[in-house]
Amino acid sequence: MELACSLLVVDDDEEFLEILVRRFRRRGMAVEPATSAQAAIEAAQQHGFQVAIIDRSLAGQDGVQLMVRLREQLPELRVILLSGHSDAQAIAYARDRGAFEYLVKPSPLADLEAAVARAHQTRGA
């Protein structure tokens, strides 16, 4: 699946982050990795990302809070949150604050790719 998309991937698990970066770059996307909320904010100031994948639990930062800050900078940004826990209340909270999708780890990479494709296709809709 080739998809021309500018993607920010934020996760403090560097091994998982590298897997995602390689996978999406092979799909033709411009991918910027970030291992912290601060790095993600700085990257967003430099690039006009279309889609972001953000880990819900980052060291020292809540992924939902980061999503809100990034969407203040980039209102059209579609955010997919990843979490190790399936909690209906947390999912509702994230969606109420603007999450496009909320996937539970471990999620098949094909599901994540499909979520990115949906997010990219619905931008501006």
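Which strands does helix 5 lie across? Helix 5 (residues 109-122) lies across strand 1, strand 3, strand 6 and strand 7. Its direction is about 160° to strand 6. This is a predicted model: local features need pLDDT of at least 70, side-chain atom pairs count only at pLDDT 80 or more, and totals for chains, interfaces and linings use all residues. Residues are numbered from 1 along each chain as its sequence is written, and side-chain values use heavy atoms, with hydrogens and water left out.

**Sheet**

- Five strands form an open sheet in the order 2-1-3-6-7, with parallel pairing. Strands (E, at least two residues) and helices (H or I, at least four) are DSSP runs, numbered from the N terminus. Two strands pair if DSSP finds at least two bridges between them.
- Strand 2 (30-34) and strand 7 (101-104) are the edges, each pairing on one side only.
- Neighbouring strands are turned by 15° against each other on average, direction ignored.
- Strand 1 (residues 6-10) pairs with strand 2 in the parallel sense over five bridges. Leu8 stands opposite Glu32 in strand 2.

**Helix 1 and helix 5**

- Helix 1 (residues 14-26) lies across strand 1, strand 2, strand 3 (51-55) and strand 6 (78-83). It runs at about 170° to strand 2.
- The axes of helix 1 and helix 5 come within 12 Å and cross at roughly 60°. Axes are lines fitted to C-alpha atoms, for helices over the stretch in contact, and angles run from 0 to 180 degrees between N-to-C directions.
- Helix 1 and helix 5 are therefore oblique to each other. Under 35 degrees counts as roughly parallel, over 145 as roughly antiparallel, 65 to 115 as roughly perpendicular and the rest as oblique.
- Ile19, Leu20, Arg23 and Phe24 of helix 1 contact Leu109, Ala110, Leu112, Glu113 and Val116 of helix 5. Contact means heavy atoms within 4.5 Å.
- By class, this contact has seven nonpolar, no polar and two charged residues. Ala, Val, Leu, Ile, Met, Phe, Trp, Tyr, Cys and Pro count as nonpolar, Asp, Glu, Lys and Arg as charged, and the others, Gly among them, as polar.

**Helix 2 and helix 3**

- Helix 2 (residues 37-46) and helix 3 (residues 63-73) pack at about 10°, with axes 10 Å apart. The two are therefore roughly parallel.
- Ala37, Ala40, Ile41, Ala44 and Gln45 of helix 2 meet Leu66, Arg69, Leu70 and Gln73 of helix 3. That contact has six nonpolar, two polar and one charged residues.

**Cis peptide bond**

- The Lys105 to Pro106 bond is cis, with omega near -10°. Pro106 sits in the loop between strand 7 and helix 5.
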